[in-house]
Amino acid sequence: YSRELALAEMLADTTRPVVMKHFREPLDIIAKDDASPVTIADREAEKAMRVLVGETFPDHGILGEEFGAHNMDADYVWVLDPIDGTKAFISGIPMFGTLISLCRAGKPVIGIIDMPALNERWIGCEGTPSTFNAKPINVRSCARLGDAWLYASSPHMFEGDDFPAFERVRKQARHALYGVDCYAYGMLANGAGDLVIEATMGIHDFCALVPVITGAGGFISDWQGQPLGLQSDGRVLAAGDQAMALKARELLNA
């Protein structure tokens, strides 16, 4: 995937200045149909990425958060989230990222988590070790849930029966931390966290995470243990330790 990976890094390099020129500047906030916020920064960044993909691989598909789907029957589909953590971005908080993924036959094979305001970047590619700012990374072992540091973007993302399911895990974990969006998965890949559980996520929210976590030796799936891809339901479980993943999955499905 050398050519595809080169493009993925180019997309991240191109998006950073587009996003940062609007960071902590006055912004018009647009409410989408689902009430989630979007800004000109989201839209400009995605437009720039879509142009580059179209110029480099015109036969590839694109699924972007802001401008929808194109050529989804293609074997290769780029999944783009220009700003993951738009609420943080709007609030002037630097914990937002750009998520870039390439799926082959529905399976994520390349993933980038780029943090424009922090100058940090995780890269994952099938068959190679994941990196953080160009250095190889590894998850850490933590088999006991009582020792685990658990992340989720927000407790409010768990709806209906998903909330008591999450609570069963949270009550047994050592600590729960919220509000860092995609950064939590980077920290897990770096060996600075143990478990991430989330729900109500869009495809663009999780595809890029898969190669990063697996390439660092971690485990990531839906709540039933099935691989994540273009058909997944938006429930995500990531862990650095396989025993931890199994224990958390048991509680989620109890």
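Trainee: Let me begin with a turn. In the hairpin of β9 and β10, which residue takes a positive phi near 50°?

Mentor: Happy to start there, and keep in mind that this is a predicted model. The hairpin of β9 and β10 has two residues between the strands. The residue there with a positive phi near 50° is N133.

Trainee: How many bridges join β9 to β10?

Mentor: The two strands run antiparallel. T131 stands opposite P136 in β10, and F132 stands opposite K135. The number of bridges joining β9 to β10 is two.

Trainee: Which strands stand at the edges of the open sheet?

Mentor: Eight strands form this open sheet, in the order β4-β3-β5-β6-β7-β8-β9-β10, and the pairing is mixed. Two of the strands each have a single partner, so one side of each is left without a neighbour in the sheet. The edge strands are β4 (68-70) and β10 (135-136).

Trainee: Now strand β8, residues 120-125: how many of its residues are buried?

Mentor: Let's take one face and then the other. E120, W122 and G124 are buried on one side, and R121, I123 and C125 are buried on the other. Strand β8 is therefore largely enclosed by the rest of the structure, and its buried residues number six of the six.

Trainee: Which residue stands opposite G124 of β8?

Mentor: Look to strand β7 (residues 107-115), which runs antiparallel to β8 and is joined to β8 by six bridges. The two strands form a hairpin with four residues between them, and N119 in the turn has a positive phi of about 55°. Opposite G124 stands G111.

Trainee: Going to β9 (residues 128-132), what is the bridge partner of C125?

Mentor: Strands β8 and β9 run antiparallel and are joined by three bridges. I123 stands opposite T131 in β9. The hairpin of β8 and β9 has two residues between the strands, and G127 there takes a positive phi near 90°. As for C125, its bridge partner in β9 is T128.

Trainee: Is V212 buried or exposed?

Mentor: V212 lies in helix α7 (residues 209-215). Leaving aside residues up to four places away in sequence, V212 touches G111, I113, W122, I123, G124, S130 and A189. V212 has a relative accessible area of 0%, and because the cut-off is under 20%, V212 counts as buried.

Trainee: How far apart in space are V212 and I112, C-alpha to C-alpha?

Mentor: In sequence, V212 and I112 are 100 residues apart. In space, C-alpha to C-alpha, the distance between them is 7.2 Å.

Trainee: On to the helices: are α1 and α2 roughly parallel or roughly antiparallel?

Mentor: The axes of α1 (residues 2-20) and α2 (residues 40-56) come within 9 Å and cross at roughly 155°. Angles over 145 degrees count as roughly antiparallel. So α1 and α2 are roughly antiparallel.

Trainee: How many residues of the contact of α1 with α2 are nonpolar?

Mentor: On the α1 side, the contact includes L7, M10 and L11. On the α2 side, A45, A48 and M49 are among the residues they meet. Besides three polar and two charged residues, the nonpolar ones number ten.

Trainee: Last one: at about what angle does α1 run to β7?

Mentor: Helix α1 lies across β5 (76-84), β6 (97-104), β7 and β8. Helix α2 also packs on the sheet, touching β3 (61-64), β4, β5 and β6, and its direction makes about 155° with that of β5. For α1 and β7, the angle is about 30°.

Note on methods. Residues numbered from 1 in each chain as written. Predicted model: local features only at pLDDT ≥ 70, side-chain atom pairs only at ≥ 80, totals over all residues. Heavy atoms only, no water. Buried < 20%, exposed > 50% of the residue type's maximum accessible area, 1.4 Å probe, protein only. Pairing = 2+ DSSP bridges. Axes fitted to C-alpha atoms, helices over the stretch in contact; angles between N-to-C directions. Parallel < 35°, antiparallel > 145°, perpendicular 65-115°, else oblique. Contact = heavy atoms within 4.5 Å. Nonpolar A, V, L, I, M, F, W, Y, C, P; charged D, E, K, R; others polar.
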